Each structure stands twice: as C-alpha cells, then as structure tokens.
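The sequence and the structure are shown first.

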Amino acid sequence: MTVSVRPLTGEEVSARFEDMARLRIAVFRAFPYLYDGDMDYERRYLETYAAAPGAFVCGAFDRDDLVGMATASPLSQHKAEFAEPFETRGLDVDDFFYFGESVLLPAYRGQGVGVRFFEEREAEARRQGFSNCIFSAVIRPADHPLRPADYAPLDAFWRKRGYERIDGLRTAYAWKDIGEPEETDKPMEYWMRDLTQS
C-alpha cells in the first residue's frame, strides 16, 4: 500500500472533519488511550482545534482515503490543561510548539508514516519560529488489566526522533475510557526536542 503524506489546507480540514473524527475514535480506542469517543465530542474538539491560530494538520492518504493524521499548534493555543504545568514552572508557553495527536490505521504502520508526521510538524514549528517541540503521552500502569501482552511503548521511537521525557512535568486530561460511565482524569507526561540541537 502506497501512502502519501502532506499538510492539509484549512478547507481540507473542514471537509475532512468526519474522516478525522472516525480516525481518532478508531485509533485511540486501543491501549494505552482506551478512548470511548463519539462523533459529537470529536466534532466540537476538531472545530475548536482548527480555529486556533497556528494550527497545523498533516494527513496520510491511500489514494483519496484519509488513513492517518497528525496535528500541532503553538502551546499557547492548546487546551489550558497542557499549558498549565509550564506556567507553574515559570516557563513561557510561547516558546513551545505542541504536537497533538498522531494517529494511523494499523494496516498502514511500519512504512515510515510516523516519521513523516514528526518531520512535517517539526518543519511547521520552524516555519512558525519555534525551536522547542513537545507532546504529551498518557501514563498507564504496567499491570493495567487491558494492557495487551504484546504491547510495546513508543519511547524508543520517540528517542530516535530526538525527544526526551521531561522529568517531573505532568498534567491530567479527562476522557471517557472504554467501560467507564463518565470521563476521568488521566495522568500525562511530556516529551520535548530542541530543534537547535543536532
């Protein structure tokens, strides 16, 4: 399967809302996110995200089918839960470009699309004048009952891309897990890369 990866225009993002929502629901349902999503929530989230100044969306396509997507925006334009730990530490949120989701259907993995998602977002960070790229990842206990026996964390992949965990910097973000009656806070950790360092 040949996959093409490219940034989406604002018009394309608007036209692809339903496809993007379905992708997020499908991919984030798997461990470690276990997200029990719905289209109404997704539509509100994506509309808010797309309206943020500096928002960036990159798509992966199999012909015309959207099979993956990655997002980014200035941290100052992202949800308050993700900026708050930086402000608490006295860090200027305007210094950071935040990578949101990176989702890809399982059948298309292992072809370098994940690497391209990072490259495209880093290029956008540079274009907007940022040198610090960050993202957050959910923390799940090693003995979580829904953790697959063959689950492999992405830490090694992230480190190969030049990212390192920021010790002690955490936040909480709420969503509804599979099997939960309502949303609950999930602990999130941060990873960062300084683009000025080789």
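## Selected residues of the model

Proline 32 lies in the loop between H2 and helix H3 (39-50). The model is a predicted one. The peptide bond that leads from phenylalanine 31 to proline 32 is cis, with omega near 15°.

Leucine 34 is also placed in the loop between H2 and H3. The phi angle of leucine 34 is near 55°, which is a positive value in a residue other than glycine. A positive phi, near 55°, is likewise found for arginine 63, a residue other than glycine. Arginine 63 belongs to the loop between strand E2 (56-62) and strand E3 (65-74).

| Residue | Relative accessible area | Class |
|---|---|---|
| Valine 5 | 11% | buried |
| Arginine 16 | 14% | buried |
| Leucine 34 | 5% | buried |
| Arginine 63 | 80% | exposed |

Leucine 34 counts as buried because its relative accessibility is 5%, and buried means under 20%. Arginine 63, at 80%, counts as exposed, since exposed means over 50%.

Arginine 16 sits in the loop between helix H1 (10-15) and helix H2 (17-28). Apart from neighbours within four places in sequence, arginine 16 is in contact with Phe61, Asp64 and Leu66.

Valine 5 is part of strand E1 (residues 4-7). When residues up to four places away in sequence are not counted, valine 5 touches Cys58, Gly59, Ala60, Val113, Arg116, Phe117 and Glu120. Valine 5 and glycine 114 are separated by 109 residues in sequence, while their C-alpha atoms are 9.9 Å apart in space.

Technical notes:
Residues numbered from 1 in each chain as written. Predicted model: local features only at pLDDT ≥ 70, side-chain atom pairs only at ≥ 80, totals over all residues. Heavy atoms only, no water. Helix = DSSP H or I, 4+ residues; strand = E, 2+ residues; numbered from the N terminus. Buried < 20%, exposed > 50% of the residue type's maximum accessible area, 1.4 Å probe, protein only. Contact = heavy atoms within 4.5 Å.
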